[in-house]
Amino acid sequence: MMWVVPRVSEAHLAARRQQILDAARRCFVRDGFHNTSMQDVITEAGLSVGAVYRYFPSKNDLITSIAQSVVGGADQVFADIAAAEPPLPLVEALDRALTFVDGQSGPDGLLPLAIQVWSEAQRDPALAEFVAATYSRLRQHFVLLARRARDAGELSADADPEATGAALFALIPGYFMQRILTGHPTREVYLAGVRTLLPHPTAR
């Protein structure tokens, strides 16, 4: 008699994978990358060794997947902000981006892990390549934002979108690094400072 092995649904596989990632994220937030072992993740997930290693053969695979989740949401949010119609004024665009950041900066958010990812990327060439490619892609959303602001007359006609976009993008990690490390400034205070640095529409 031939036995048929029940086929596991894609939804089940995705849920199990997410269960492991959620467990890894809790471990990494609590203990850091270096102090977390695969056994810690297995225990946290409540799964067998084989079940975890089926999805993630190493801790580096887990770290890379966590890194992807850290930036995945930001990528979509920043893309939507840059492509908004009509084009958003720069301060309003930054306000929306920082609102997303605020939602991810707490103990259960993803951004505290971003700092660990940056650190780990200094010693892991594969992760460093992923981080470089990812942040280059994120920066391009702000290049588009700067280009549209120039075309709308908010920036001078000779403004370089690449240079301006890079500077605008730097305001995002600059904000959440301060928030995570010191608890300040508030988004309102930070944006007030940004307003003093950006051109005023009435001055054109």
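Helices (H or I, at least four residues) and strands (E, at least two) are DSSP runs, numbered from the N terminus. I use this naming in the entries below.

**Entry 1: the model.** I note that this is a predicted model, in which local features need pLDDT of at least 70, side-chain atom pairs count only at pLDDT 80 or more, and totals for chains, interfaces and linings use all residues. Residues are numbered from 1 along each chain as its sequence is written, and side-chain values use heavy atoms, with hydrogens and water left out. I looked up pLDDT, the predictor's confidence in each residue, from 0 to 100. The mean for the protein is 89, and 93% of its residues reach 70 or more.

**Entry 2: helix 6.** Which residues of helix 6 (residues 111–121) are buried? I took buried as under 20% relative accessible area (1.4 Å probe, protein chains only). I found Leu-111, Leu-113, Ala-114, Val-117, Glu-120 and Ala-121. They lie on the same side of helix 6, because they cover an arc of only 145° around the axis; the arc is that of the directions from the helix axis to the C-beta atoms. The cover over these buried residues includes helix 1 (10–31), helix 4 (59–82), helix 5 (90–103), helix 7 (125–151) and helix 8 (161–182), with contact meaning heavy atoms within 4.5 Å.

**Entry 3: cavities.** I took a cavity as a set of points, on a 1 Å grid over the protein atoms alone, where a 1.4 Å probe fits but cannot get out; lining residues have an atom within 4 Å of a point. A volume is the space filled by probe spheres set on the points. I recorded two cavities of 30 Å³ or more.

Among the residues that line it are Ala-67, Ala-114, Val-117 and Tyr-135. Helix 4, helix 6 and helix 7 each supply at least two residues of this lining.

**Entry 4: cis peptide bonds.** I found a cis bond from Glu-85 to Pro-86, with omega near -10°; Pro-86 is in the loop between helix 4 and helix 5. The bond from His-184 to Pro-185 is also cis, with omega near 0°, and Pro-185 is in the loop between helix 8 and helix 9 (187–197).

Note on methods
Buried < 20%, exposed > 50% of the residue type's maximum accessible area, 1.4 Å probe, protein only. 1 Å grid on protein atoms, 1.4 Å probe; cavity = no way out; pocket = protein on both sides within 12 Å on 5 of 7 lines; lining within 4 Å.
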